[in-house]
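Please brief me on how this protein chain is put together.

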Amino acid sequence: MEMVNVNATWEMPRRGAVKINVHGFFSEIQLANGNRSGIGVVVRNSRGTILRMLSGSLGINERGNNELYAYLEGLKRAYAEDYPAVILETDHVQSYWEWKNSTIEGGIPEHAYVLKQLNTRRRDKNFALDVRLTNPEDNELAAYLAEYGASRWNQMVVIKRSFGRVYELWSKDMGLGPVGPQFRAVNEEEMAVEVMEDGVINPPANMFVMVEQNDEEFMQNENAAFGDGFMVQIQED
């Protein structure tokens, strides 16, 4: 039987610090919108709460440079939000070591500008920066945002709310499990049910109830409505 690593997980930063996960997406061929690269950034606090996300493309057509700019975009967000202590995580091994060794060995000439900017941030005495290398499976949220942004935008976009796949990946990182409908609890009031004396549960008048109709029959019914992704029909008094 093949064994899997059940201990690999995204780790929360210490209290008072934020963790910024970054990823640079790169495609050898142009995407439909002309992009070849994308950047994803996720900022989270010591409770794992998402504070900010960045997704988009800077139009960089070289893989290593794009990865380094992913770091820079994360640090720019930290500076803009005045976070004093930052853990910066990436899953890109080559760019991690290039930046780490750049003050000793220098860097690739095409990367000189962004490396200089990164090292300026690292030397800031009022800014506690800890740069770490992590596993790809612990960086999936940033990776998703990088690919998502590459396929949609030609600039960086600040995202303030989670959505769809973002919520799934955040829940996985937090150890909160699946997010499908069957795993979501609802308030009693949302169910809006009345329990009869004989134990039979009846829906109250005007409640949305499921109906067994095919699509054509449903769409032809003037009382039809949509709710939470399900086709439902309003029950009359």
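Among contacts in the protein chain between residues at least 6 apart in sequence, 64% join residues at least 24 apart; contact means heavy atoms within 4.5 Å. This is a predicted model, where local features need pLDDT of at least 70, side-chain atom pairs count only at pLDDT 80 or more, and totals for chains, interfaces and linings use all residues. Residues are numbered from 1 along each chain as its sequence is written, and side-chain values use heavy atoms, with hydrogens and water left out.

**Overall build**

- The protein chain has seven helices and 11 strands. Helices (H or I, at least four residues) and strands (E, at least two) are DSSP runs, numbered from the N terminus.
- Of the 237 residues in the protein chain, 39% are buried. Buried means under 20% relative accessible area, exposed means over 50%, and partly exposed is in between (1.4 Å probe, protein chains only).
- The accessible surface of the protein chain is about 15000 Å². Carbon and sulfur atoms hold 49% of that surface. Areas come from the Shrake-Rupley method with a 1.4 Å probe; for residues, only the protein chains shown count as cover.

**Nonpolar cores**

- A nonpolar core is a set of buried Ala, Val, Leu, Ile, Met, Phe, Trp, Tyr and Cys residues joined through side-chain atoms within 4.5 Å.
- The largest nonpolar core has 27 residues. Ile20, Tyr71, Val86, Leu88, Trp99, Leu118 and Leu129 touch the most other members.
- Two or more residues of this core come from each of β1 (18-26), β2 (37-44), α1, β4 (85-90), α2, α3 and β5 (128-133). Helix α1 gives the most, with seven residues.
- A second, separate core has 12 residues, including Ile50, Met53, Val166 and Leu169.

**Helix α3**

- Helix α3 spans residues 112-122. Its buried residues are Val114, Leu115, Leu118, Asn119 and Arg121.
- Seen down the axis of α3, these buried residues fall within an arc of 155 degrees, so they line one face of the helix. The arc is that of the directions from the helix axis to the C-beta atoms.
- Tyr113 and Lys116 are exposed, on the other side of α3.
- The buried residues of α3 pack against α1 (63-80) and α2 (93-105).
- Leu118 is in contact with Leu68, Tyr71, Leu72, Leu75 and Trp99, leaving aside its neighbours within four places in sequence.

**Aromatic rings**

- Rings of Phe, Tyr and Trp (its six-membered ring) pair if their centres lie within 6.5 Å. Planes under 30 degrees apart count as stacked, over 60 as edge-to-face and the rest as tilted.
- The count comes to six aromatic pairs.
- The rings of Tyr71 and Trp99 have centres 5.3 Å apart and planes at 35 degrees, so this pair is tilted.
- Tyr71 is in helix α1 and Trp99 in helix α2, so the pair ties together parts 28 residues apart in sequence. Both Tyr71 and Trp99 are buried.
- Tyr144 and Tyr148 also form a tilted pair, because their ring centres are 5.7 Å apart and their planes are at 35 degrees.
- Both Tyr144 and Tyr148 lie in helix α4 (residues 140-152), four residues apart, about one turn of the helix.
- Tyr144 is partly exposed, at 24% relative accessible area. Tyr148 is buried, at 17%.
- Tyr144, Tyr148, Trp153 and Phe163 are linked into a cluster by ring pairs.

**Charges over rings**

- A charge sits over a ring if NZ of Lys or CZ of Arg is within 6 Å of the ring centre and within 35 degrees of the ring normal.
- Lys19 lies over the face of Trp10, 5.1 Å from the ring centre.
- Arg121 lies over the face of Phe127, 5.4 Å from the ring centre.

**Val43 and Leu51**

- Val43 sits in strand β2. Val43 is buried, with a relative accessible area of 1%.
- Not counting residues up to four places away in sequence, Val43 touches Val18, Lys19, Ile20, Thr49, Ile50, Leu51, Arg52, Arg77 and Tyr83.
- Leu51 is in strand β3 (residues 50-56). Leu51 counts as partly exposed, at 24% relative accessibility.
- Leaving aside neighbours within four places in sequence, Leu51 is in contact with Val18, Val43, Arg44, Asn45 and Tyr83.
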